[in-house]
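Hello,

Here is the structure I promised to pass on to you. Have a look at it first, and then read my notes below.

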Amino acid sequence: MPDTIITVIGNMTADPELRFTPSGAPVASFTIASTPRTFDKQTNEYKDGEPLFLRCSIWRDAAENVAETLRKGMRVVAYGKLKQRTWEKDGERRTSVELEVTDIGPSLLWQTANVQRSSRRSDGHTPGAGRQQQSEDPWGSAPSGGGEEPPF
């Protein structure tokens with residue numbers, strides 16, 4: 001059966017919580033609040049609907065990046081698998097729905113972000129290693145000679 005994949009846009013309700021499994025794998029947990037807005041033609045104004053509070057987790061290097069980058073109140077766009085967990089407590093069956101995040105980033109609708117490539121990779125590979133060093137910003141200057149390819 002295929003996974004249920006969703007994209008959610010909302011605000012971080014708190015700073016992400018970074019922890020490590022016994023084997024050392026990093027995992028960040030956080031909640032995104034997504035509130036629908038509708039336009040009421042009778043009052044000629046927007047009204048907020050019921051907010052959805054979605055518990056989320058993200059693993060490995062991305063977990064560390066999230067913990068270093070995202071903060072309470074930031075508007076984010078998250079993509080991932082919707083997961084349902086069921087358990088029993090005090091003889092009562094309980095269920096929760098969570099988002100196992102594959103990818104996440106700040107929404108740029110009402111905010112700006114300073115993106116930096118992380119040098120951390122779990123496979124031991126450093127991004128860009130083995131490639132001839134270029135200036136830090138390949139778009140920062142026009143290529144010399146007029147017809148050359150961009151430096152990437």
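Let me begin with a charged pair: Asp40 and Lys47 form a salt bridge, with 3.4 Å between the closest N and O atoms. By salt bridge I mean a side-chain nitrogen of Lys or Arg within 4 Å of a carboxyl oxygen of Asp or Glu. Lys47 is partly exposed at 36% relative accessible area; that term covers values between buried (under 20%) and exposed (over 50%), using a 1.4 Å probe and protein chains only.

Before going on, please note that this is a predicted model, where local features need pLDDT of at least 70 and side-chain atom pairs count only at pLDDT 80 or more, while totals for chains, interfaces and linings use all residues. Residues are numbered from 1 along each chain as its sequence is written, and side-chain values use heavy atoms, leaving out hydrogens and water.

The whole structure has four salt bridges. Another of them joins Arg37 to Asp48, at 2.9 Å between the closest N and O atoms. Arg37 sits in strand 4 (residues 37-40) and Asp48 in strand 5 (residues 45-48), 11 residues apart; strands are DSSP runs of E with at least two residues, numbered from the N terminus. Both Arg37 and Asp48 are exposed.

Now to the inside. Ser29 belongs to strand 3 (residues 26-34) and is buried, with 9% relative accessible area. Beyond four places in sequence, Ser29 touches residues including Pro16, Arg55 and Cys56, where a contact means heavy atoms within 4.5 Å.

Enjoy exploring!

Notes: Helix = DSSP H or I, 4+ residues; strand = E, 2+ residues; numbered from the N terminus.
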